[in-house]
Amino acid sequence: MLKISNLTKRFGGLAAVNDVSVTFEAGKINAIIGPNGAGKTTFFNLVAGAMPPSEGSIEFQGMDVTGMSPDRIARLGIARTFQTTMLFDQSTVLDNLIVGHRLRTQSRLWDVIINSKRLRDEEKKCRARAEEVLDFVGLSHLGNRYILDISQEERKRVAFALAMATDPELVLLDEPAGGINPEETENLAALIRKMVAHGISVCLIEHKMDMIMSLADKIMVLDHGEKIAEGTPEQIKNDPVVIEAYLGSDEDVEA
Ligand SMILES: Nc1ncnc2c1ncn2[C@@H]1O[C@H](COP(=O)(O)OP(=O)(O)OP(=O)(O)O)[C@@H](O)[C@H]1O
């Protein structure tokens with residue numbers, strides 16, 4: 001589904017991602033781990049088209065998407081969750097989803113001025129889709145609540161719903177369990193499994209090792225921009241190179 005070949009991104013003299021090649025299969029949960037500054041976020045930025053690579057290529061479902069704009073990549077089926085701080089606090093959950101979805105639909109200014117049938121049809125579709133994804137993430141009962149009034153876990157579910165609204169094939173999750181407690185983390189892991197059960201492939205960056213180890217089918221470990229290991233959770237846990245990379249940082253692979 002996603003084939004990365006010799007991907008490199010340099011910022012001045014620093015190779016934030018350095019000659020990384022990896023393949024992620026459809027229908028799986030793939031995790032990217034590594035100490036702080038390892039290049040995980042940069043890797044995601046490259047896949048989502050937020051920045052062009054210095055070298056290497058990205059193939060999605062057999063198509064070369066290297067250097068494509070984020071819009072085009074999103075339309076091809078790669079969605080990314082945004083930080084919950086990107087939600088509109090003073091709007092309702094449903095409005096956040098409708099606006100998020102509308103930003104990706106077709107109506108032009110002319111349609112708005114004449115309140116065209118296309119516009120009205122699109123609005124209806126966006127609302128229906130918003131209600132559908134809200135139900136999927138288990139928040140139907142909160143559609144009319146303000147973002148300000150819901151919990152951090154619920155906000156994370158809204159962020160997932162936003163990504164789901166575009167009907168993606170692959171979802172990139174950047175630290176989905178950051179800032180929530182162990183029980184909420186388990187709930188969110190269940191939601192990620194549900195996404196995969198519905199045919200969506202997942203790629204996530206996460207620091208919470210217990211979550212990764214129980215959730216991921218495959219883990220890629222980055223350190224100083226380079227891929228130092230790749231394998232199942234069991235293989236990664238016991239890999240001396242990985243343990244060494246984490247011992248040299250303030251993080252713990254068994255944590
Ligand atoms: N836009 C940029 N310009 C210059 N340097 C950058 C830029 N983005 C990232 N870097 C550098 O690239 C390296 C990798 O950063 P990146 O954010 O990808 O790591 P990370 O693994 O996501 O780290 P963390 O776990 O702390 O979020 C770091 O040294 C960072 O300072």
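## Two domains

Domain bounds here come from an automatic or database domain assignment. The model itself is predicted. The protein splits into two parts. Domain 1 covers residues 1-77 and 168-255, while domain 2 covers residues 87-167. Domain 1 is therefore written as two stretches of the chain, with bounds taken from that assignment.

How far apart do the C-alpha centres of domain 1 and domain 2 lie? They lie 27 Å apart.

## Where they meet

The domains touch. On one side, 18 residues of domain 1 take part in the contact.

Together, domain 1 and domain 2 bury about 1300 Å² between them. Carbon and sulfur atoms account for 71% of that area. Three residues stand out on the domain 1 side: Pro168, Leu188 and Leu191. They supply 37% of the area that domain 1 buries against domain 2, more than any other three residues.

## Polar links

How many salt bridges cross the interface of domain 1 and domain 2? The rule finds zero. Polar contacts do turn up there: three residue pairs, with both residues at pLDDT 80 or more.

## The domain 1 face

Which elements build the side of domain 1 that touches domain 2? Strand 7 (170-174) and helix 7 (182-197) each supply at least two residues. Helix 7 gives the largest share, with seven residues.

Sorted by class, this side of domain 1 has ten nonpolar residues. Four polar and four charged residues are also part of it.

Key: Residues numbered from 1 in each chain as written. Predicted model: local features only at pLDDT ≥ 70, side-chain atom pairs only at ≥ 80, totals over all residues. Heavy atoms only, no water. Contact = heavy atoms within 4.5 Å. Buried area = accessible area lost by both parts, 1.4 Å probe. Salt bridge = Lys/Arg side-chain N within 4 Å of Asp/Glu carboxyl O. Polar contact = N/O pair within 3.5 Å; in protein donor to acceptor, adjacent residues only side chain to side chain. Helix = DSSP H or I, 4+ residues; strand = E, 2+ residues; numbered from the N terminus. Nonpolar A, V, L, I, M, F, W, Y, C, P; charged D, E, K, R; others polar.
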